[in-house]
Amino acid sequence: MPVAVEDRGGTVALMPASLFLLGTWPALLTLLERRGRLPQHIYLDYSITNLVIAVLMAVAFGQVGYSRQDFFTQLTQMQDNWPSVLIAMAGGLALSLGNLVSQYAWAFAGLSLTNVICASMTVVSGTTINYFLDGRINRAEILFPGVVCFLMAVFLGAAVHSSNAKDDEQKLSMKSADIELSSDFRQSEVAACS
């Protein structure tokens, strides 16, 4: 029996689950990193798991719903719909490049900043592009305040990261000053004792 979400109630029920899962996976990745797993390997695990789950879902569910065709029937009809196939392939390529850029950003800026900015920019750009590609069928007064919230998350995340970087620099400079003072103190103690 295929699983189908064809009404608004099911969609609204899945939203909190989606938010919970999207909020917990960065914490799990951070936990793995704290346990000694390298970020590159964690991201490789994530990418491979993402591919395996996508293939399993495509084969198991196809296009879900009772009145829809399964995955293998759609494969035979692929030759009739090459423009859609090429657009989907371009979307997959863009997603892969985005994941690659995200991995490098993760190495340089850290997990907390990278996830906030990458996810928020994905929502902002994707929603804006889809709005114009769909011929503006959605109500902009409802859609774009949410986009502005995501855009604010980008700027706030960058501001917090900048503030944390300055705090870290200040803490490191204080520690080096403490080390110099303590070594001067020890030298003066040695001189006094001799």
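## Aromatic pairs

Rings of Phe, Tyr and Trp (its six-membered ring) count as a pair if their centres lie within 6.5 Å; planes under 30 degrees apart are called stacked, those over 60 edge-to-face, and the rest tilted. In this predicted model, local features need pLDDT of at least 70 and side-chain atom pairs count only at pLDDT 80 or more, while totals for chains, interfaces and linings use all residues. Residues are numbered from 1 along each chain as its sequence is written, and side-chain values use heavy atoms, with hydrogens and water left out.

The ring rule gives 2 aromatic pairs. Tyr-131 and Phe-132 have ring centres 5.2 Å apart and planes at 75 degrees, so this pair is edge-to-face. Between Tyr-131 and Phe-144 the centres are 5.0 Å apart and the planes stand at 85 degrees, so that pair is also edge-to-face. Tyr-131 belongs to helix H5 and Phe-144 to helix H6, so their pair ties together parts that are 13 residues apart in sequence. Helices here are DSSP runs (H or I, at least four residues), as are strands (E, at least two), numbered from the N terminus. Tyr-131, Phe-132 and Phe-144 form one aromatic cluster.

Relative accessible area under 20% is termed buried, over 50% exposed, and anything in between partly exposed (1.4 Å probe, protein chains only). Tyr-131 has a value of 10% and is therefore buried. Phe-132, at 44%, is partly exposed.

## The loop between H5 and H6

Asn-138 sits in the loop that joins helix H5 (111–133) and helix H6 (140–193). Its relative accessibility is 38%, so Asn-138 is partly exposed. Apart from neighbours within four places in sequence, Asn-138 is in contact with Tyr-131 and Leu-143, where contact means heavy atoms within 4.5 Å.

## Annotated spans

The unreviewed UniProt entry carries the annotation "transmembrane region" for residues 12–31, 43–62, 82–101, 108–130 and 142–161. UniProt positions follow the numbering used here, feature names are shortened, and annotations may be inferred rather than shown by experiment.

Residues 82–101 are 100% helix and 0% strand in the model, with 28 Å between the end C-alpha atoms. For residues 142–161 the end C-alpha atoms are 30 Å apart, and this span is likewise 100% helix and 0% strand.

## Cysteines

A disulfide is counted where two cysteine sulfur atoms lie within 2.5 Å. The count by this rule is 0 disulfides. Cys-118 is partly exposed at 28% relative accessibility. Cys-149 is partly exposed as well, with a relative accessible area of 48%.
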